[in-house]
Amino acid sequence: MAERPELSDWEALAAREVKGRDLSWQTPEGITVKPLYTAEDVKTDPGLPGFAPFTRGVRASMYAGRPWTIRQYAGFSTAEESNAFYRRNLAA
């Protein structure tokens with residue numbers, strides 16, 4: 001039976017695949033996201049999905065039973081102003 005790979009094995013393999021490029025990236029908020037997280041990165045139990053503080057998602061089933069939805073806010077300070085804006089643009 002083969003030995004279980006270590007984190008250093010993964011790092012070496014990933015570095016060869018991306019030719020040494022850093023796989024970390026920054027969110028718009030300036031948070032560095034690592035390319036791989038392991039059990040050592042978790043200091044406490046993150047809890048269960050569907051329960052506060054929602055660190056593993058807001059739904060217990062995650063999105064296994066339905067596709068993801070993407071929602072965006074587009075509009076102005078009131079529903080009336082938004083409606084008028086969209087009606088003007090649709091008419092044009």
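Reader: What sets the radius of gyration of the protein against that of a compact globule of 92 residues?

Author: In this predicted model, the protein has a radius of gyration of 22 Å, whereas a compact globule of 92 residues would come near 12 Å. The box filled by the C-alpha atoms along the principal axes is roughly 70 × 35 × 25 Å.

Reader: How many of the residues count as buried, and what is the accessible surface?

Author: Of the 92 residues, 8% count as buried. The accessible surface comes to about 8800 Å², and carbon and sulfur atoms hold 58% of that area.

Reader: What share of the contacts between residues at least 6 apart in sequence joins residues at least 24 apart?

Author: That share is 11%.

Reader: Which elements make up the protein, and in what order do they run?

Author: There are 2 helices and 2 strands. From the N terminus on, their order is α-β-β-α. Helix α1 covers residues 7-17, and helix α2 covers residues 79-91.

Reader: Why is Ser 82 called buried?

Author: The relative accessible area of Ser 82 is 11%. Buried means under 20%, so Ser 82 at 11% is buried. Ser 82 lies in helix α2. Leaving aside residues up to four places away in sequence, Ser 82 touches Gly 75 and Phe 76.

Reader: What makes Lys 34 and Asp 41 a salt bridge?

Author: The closest N and O atoms of Lys 34 and Asp 41 are 2.6 Å apart. A salt bridge requires a side-chain nitrogen of Lys or Arg within 4 Å of a carboxyl oxygen of Asp or Glu, so the pair Lys 34 and Asp 41, at 2.6 Å, qualifies. By this rule the count comes to 1 salt bridge.

Reader: Are the two partners, Lys 34 and Asp 41, buried or partly exposed, and why?

Author: Lys 34 has a relative accessible area of 34%, and Asp 41 has 32%.

Reader: How do you know that the aromatic pair is edge-to-face?

Author: By the pairing rule the count comes to 1 aromatic pair. The ring centres of Phe 85 and Tyr 86 lie 5.2 Å apart, and their planes stand at 75°. Rings pair if their centres lie within 6.5 Å, and planes over 60 degrees apart count as edge-to-face; therefore Phe 85 and Tyr 86 form an edge-to-face pair. Phe 85 is partly exposed at 29% relative accessibility, and Tyr 86 is partly exposed at 34%.

Reader: Where is Arg 66 found, and why is Arg 66 called partly exposed?

Author: Arg 66 is found in the loop between β2 (32-33) and α2. The relative accessible area of Arg 66 is 33%; this value lies between the 20% and 50% cut-offs, so Arg 66 is partly exposed.

Reader: How far apart are Arg 66 and Pro 53 in sequence and in space?

Author: Arg 66 and Pro 53 are 13 residues apart in sequence, and their C-alpha atoms are 22 Å apart in space.

Conventions
Residues numbered from 1 in each chain as written. Predicted model: local features only at pLDDT ≥ 70, side-chain atom pairs only at ≥ 80, totals over all residues. Heavy atoms only, no water. Helix = DSSP H or I, 4+ residues; strand = E, 2+ residues; numbered from the N terminus. Buried < 20%, exposed > 50% of the residue type's maximum accessible area, 1.4 Å probe, protein only. Contact = heavy atoms within 4.5 Å. Rg over C-alpha atoms; globule rule 2.2 N^0.38 Å. Areas by Shrake-Rupley, 256 points an atom, 1.4 Å probe, with all protein chains shown as cover. Phe/Tyr/Trp six-rings, centres within 6.5 Å; stacked < 30°, edge-to-face > 60°.
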